[in-house]
Amino acid sequence: MASALFMEFLDSTALSTALPTLSVAFGTDPVHLKLALTSYILALAVLAPASGWIADRFGPRRVFMTAMVVFLAGSVLCGFSQSLAQLVLSRTVQGLGGALMTPVGRLIVVNSAPREKLVSAMSWFTMPALMGPLLGPPLAGLILGVADWPWIFFINVPVGLLGMWAVARFVPPLKQPDPGPFDTKGFAIAVVAITALMGAAETVGIGLVPWPVQVAITLLAVGALAAYVRHALRTPRPVLDLRLFRVDTFRASMMGGALVRIGLGATPFLLPLLFQVALGWGPLEAGLVTIGTGLGAFMCKPVAPALIRRVGFRQTLIASNLLTAALTAVPAFFGLGTPIPFIIVTLVFSGFMRSLQFTATNTVAYADLPKEAVSNASTVAVVTQQMALSVGISFGGLMLHVARGGGDVRLTPDRFLLPFLAIGFMSSLAGPLFRRLRPDAGEHIGGRATARG
């Protein structure tokens with residue numbers, strides 16, 4: 001299952017490293033290239049609400065394999081793109097595949113693992129996926145040094161084919177409960193709400209569309225969101241079950257995790273621009289330094305289950321959030337005279353703390369949910385997370401636009417002070433939500449109660 005996540009994260013981190021190169025190839029402002037990142041997330045977030053029902057109706061393994069085929073087709077189309085508009089459309093196709101890969105993969109793992117070993121299962125599930133961020137930046141730098149940017153997408157083909165063989169060989173078929181009729185009305189309202197909300201976040205304050213259009217999109221988003229909340233609370237089987245937010249652990253995971261993911265979404269967009277445009281580094285040099293984040297995340301995965309078991313979910317979430325927010329803001333002070341070893345160490349620690357944060361957040365979400373709610377919970381989780389990542393990219397772009405004074409002023413290191421401080425502050429807002437958790441939250445899945453007994 002993790003093979004698909006590896007491919008997805010390899011692609012996204014390599015693309016982030018290549019943004020300055022693509023801005024030259026397509027003759028567009030680097031800030032506008034965030035459309036290549038958010039178009040993928042938008043497509044993923046729009047289709048993801050239906051992923052749980054589709055997996056239950058047609059079988060998780062079959063749906064997962066189909067999603068990988070769609071993702072590979074989108075990758076090939078990306079490589080043949082001749083303009084930013086074509087790249088955005090091709091990334092949208094990729095997102096349609098990713099919309100089923102991520103939640104269905106998580107569904108298979110959560111349903112297959114014993115509850116008392118769920119932390120370890122989720123940690124091992126995401127560990128191979130961390131190789132994507134680890135290899136993506138230097139691989140992109142190497143490709144851009146010896147070939148051309150389309151090979152960033154073509155490299156997915158052998159990885160994806162190998163992953164499909166692994167899924168066919170090792171993933172057993174799972175029998176899912178009857179999902180009942182599809183909530184077509186709820187899905188339509190959710191699509192409008194998600195599209196309008198992410199469209200409003202993407203266009204606000206940067207002059208892409210006239211302000212009356214921005215206001216209209218925002219009002220549409222608020223109205224559709226209110227309509228869906230009303231629909232979901234009155235429907236027995238809504239496409240996104242908002243009643244899950246009544247569970248304390250799930251609510252803290254979704255809302256707190258979303259705030260942290262705003263920083264996670266903005267960082268891969270801002271760092272390549274800081275290193276390659278503001279500091280004047282080459283793609284390979286920037287990629288080798290950025291590898292520190294993936295290395296730190298990879299180092300955390302074997303440690304996370306034991307650490308959570310020792311101190312509990314609540315204390316892990318509070319402490320890791322404080323350190324994650326601080327480390328997210330540190331690149332604000334990177335400049336021409338900043339020692340490269342200091343930058344690498346900062347990124348390693350940042351990756352470590354983020355990985356710990358998300359291991360705890362992603363796992364505690366399922367602590368108090370019945371097994372029959374896992375499918376819908378996984379769907380809600382993916383939609384929430386992807387929307388937060390998209391808002392993070394848009395928020396980082398907006399802060400950078402404000403720091404430039406709204407014009408085409410050259411990107412210098414000082415222009416990144418506001419964006420990184422802003423996303424660090426946003427990440428820190430998750431702390432009060434985690435403090436509301438009870439001290440023994442998630443003990444029966446973290447293994448702490450067993451260890452104490």
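Arg-415 is partly exposed, with a relative accessible area of 24%, where partly exposed lies between buried (under 20% relative accessible area) and exposed (over 50%), computed with a 1.4 Å probe and protein chains only. The side chains of Asp-414 and Arg-415 form a salt bridge with an N to O distance of 3.9 Å; a salt bridge is taken as a side-chain nitrogen of Lys or Arg within 4 Å of a carboxyl oxygen of Asp or Glu. The model is predicted, local features need pLDDT of at least 70, side-chain atom pairs count only at pLDDT 80 or more, and totals for chains, interfaces and linings use all residues. Residues are numbered from 1 along each chain as its sequence is written, and side-chain values use heavy atoms, with hydrogens and water left out.

By this rule there are five salt bridges. Side chains of opposite charge can pair when their charged atoms come close. In the pair Arg-251 and Asp-248, the closest N and O atoms are 2.7 Å apart. Both residues belong to helix α11 (residues 248-278) and are three residues apart, so about one helical turn separates them; helices are DSSP runs (H or I, at least four residues) numbered from the N terminus. Arg-251 is partly exposed at 30%, and Asp-248 is partly exposed at 41%.

A further salt bridge joins the side chains of Arg-438 and Asp-368 (3.3 Å, N to O). Arg-438 lies in the loop between α18 (431-435) and α19 (443-446), and Asp-368 in the loop between α15 (340-364) and α16 (374-403), so the pair ties together parts that are 70 residues apart in sequence. Relative accessible areas are 37% for Arg-438 and 29% for Asp-368. Asp-368, Arg-438 and Asp-440 are linked in a network of salt bridges.

The largest nonpolar core has 93 residues, of which Leu-274, Phe-275 and Phe-416 touch the most other members. Such a core is a set of buried Ala, Val, Leu, Ile, Met, Phe, Trp, Tyr and Cys residues joined through side-chain atoms within 4.5 Å. Leaving aside residues up to four places away in sequence, Phe-416 touches Leu-270, Leu-273, Leu-274, Ala-278, Ala-332, Leu-400 and Leu-411, contact meaning heavy atoms within 4.5 Å. A second, separate core of 25 residues includes Phe-313, Phe-352, Ala-360 and Ala-430.

Definitions and conventions: Helix = DSSP H or I, 4+ residues; strand = E, 2+ residues; numbered from the N terminus.
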